[in-house]
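Please walk me through this structure from its overall make-up down to single residues. I am new to it and would like a plain account.

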Amino acid sequence: MKYIGKVLFLAASLVAVQSQPAFNVGKPETQVQPEKVQPETQAQPGPTLKAESIATIVKQQFGSTFSVATNLATSFIVSDFDADGVEDVAIVADSKDPLPDSYDFKYEVSDPYNSYFGYGNPRVTAAFNSSERLRNHSLLVILGVGKDSWRTATPKAKYVLVNVPFDTVEAGRMLTRKKNKPPIFVIKAIESQLMDSAVWFDVKKKKWHWEPGGSRD
């Protein structure tokens, strides 16, 4: 009888132990689950707020003739294009005529693409992009300064780059021709059915350049 009693006692203890983890495991899952969902819910307004602030900066820095492009996957990229340790920004925008407001808003219009082929006078070439799908956007570049970087009211410099062909843009890096020099940050202009190219800033000459890259399959 004592042996049977011990067996029954052990069986009851095992049942109690096995049933306990099912309750304890289920409890943390209900606590962790909201933490996974909450950041996604909070992050949703982010792109909208960024787009609104970018549009405001474009209007303040370049005038109302420019509007942020809405038909591309990426409308702006942040990088350090002049290698001074301060963030800069390149914004994809549309404008029927980028030249007239250049004096009032103190930005420089440049055509690095046509300059590569020997003719890049933006006073003439700025009108070339109106009929070509890949070249009907401008790249608005703000070189930042100070703790506010490109968001500052008075940037180091501002540029409008016209006629650069691309479907989308990304931040990229490119090796320089000078020995022992680190790669520089560039605007990677991607033509999805043709090739990638690089738009980069010559700090010494304060000039933008375009260079073809590898072809895309």
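Predicted model: local features only at pLDDT ≥ 70, side-chain atom pairs only at ≥ 80, totals over all residues.

Two residues are in contact when heavy atoms of theirs lie within 4.5 Å. Thr 152 sits in the loop between β5 and β6. If neighbours within four places in sequence are left aside, Thr 152 is in contact with Gln 61 and Val 145. Its relative accessibility is 14%, and because buried means under 20%, Thr 152 counts as buried.

The wider setting is as follows. The protein contains five helices and 10 strands. Of its 217 residues, 36% are buried. Among contacts between residues at least 6 apart in sequence, 57% join residues at least 24 apart. The protein exposes about 14,100 Å², and carbon and sulfur atoms supply 56% of that area.

Not counting residues up to four places away in sequence, Val 141 touches Phe 62, Phe 81, Val 89, Ala 90, Ala 157, Lys 158, Tyr 159, Leu 161, Ile 187 and Trp 208. One of these, Val 89, is placed in strand β3. Val 89 has a relative accessible area of 0%, so it is buried. Beyond its neighbours within four places in sequence, Val 89 is in contact with Phe 76, Ile 77, Val 78, Phe 81, Leu 140, Val 141, Ile 142 and Trp 150. Val 89 and Ala 171 are 82 residues apart in sequence, while their C-alpha atoms are 9.8 Å apart in space.

About 600 Å³ of space lies in the largest pocket. This pocket is lined by 20 residues, and the closest to its centre are Thr 176, Lys 178, Ile 184, Trp 200 and Phe 201. Strands β8 and β9 each supply at least two residues of the lining, and β9 gives the most, with three residues. By type, the lining divides into 11 nonpolar residues, one polar and eight charged.

Some loop residues remain. Most residues other than glycine have a negative phi. Ala 83, although not a glycine, has a positive phi of about 55°. Ala 83 lies in the loop between β2 (76–79) and β3. Is Ala 83 buried or exposed? Its relative accessible area is 63%, so Ala 83 is exposed. Ser 149 is not a glycine either, and has a positive phi of about 50°. Ser 149 is found in the loop between β5 and β6. At 6% relative accessibility, Ser 149 counts as buried.

Asn 121 is in the loop between α4 (112–116) and α5 (122–125). With a relative accessible area of 34%, Asn 121 is partly exposed. Asn 121 and Ser 110 are 11 residues apart in sequence and 7.7 Å apart in space, C-alpha to C-alpha.

Notes. Residues numbered from 1 in each chain as written. Heavy atoms only, no water. 1 Å grid on protein atoms, 1.4 Å probe; cavity = no way out; pocket = protein on both sides within 12 Å on 5 of 7 lines; lining within 4 Å. Points joined across faces, edges and corners; volume = space filled by probe spheres on them. Helix = DSSP H or I, 4+ residues; strand = E, 2+ residues; numbered from the N terminus. Nonpolar A, V, L, I, M, F, W, Y, C, P; charged D, E, K, R; others polar. Buried < 20%, exposed > 50% of the residue type's maximum accessible area, 1.4 Å probe, protein only. Areas by Shrake-Rupley, 256 points an atom, 1.4 Å probe, with all protein chains shown as cover.
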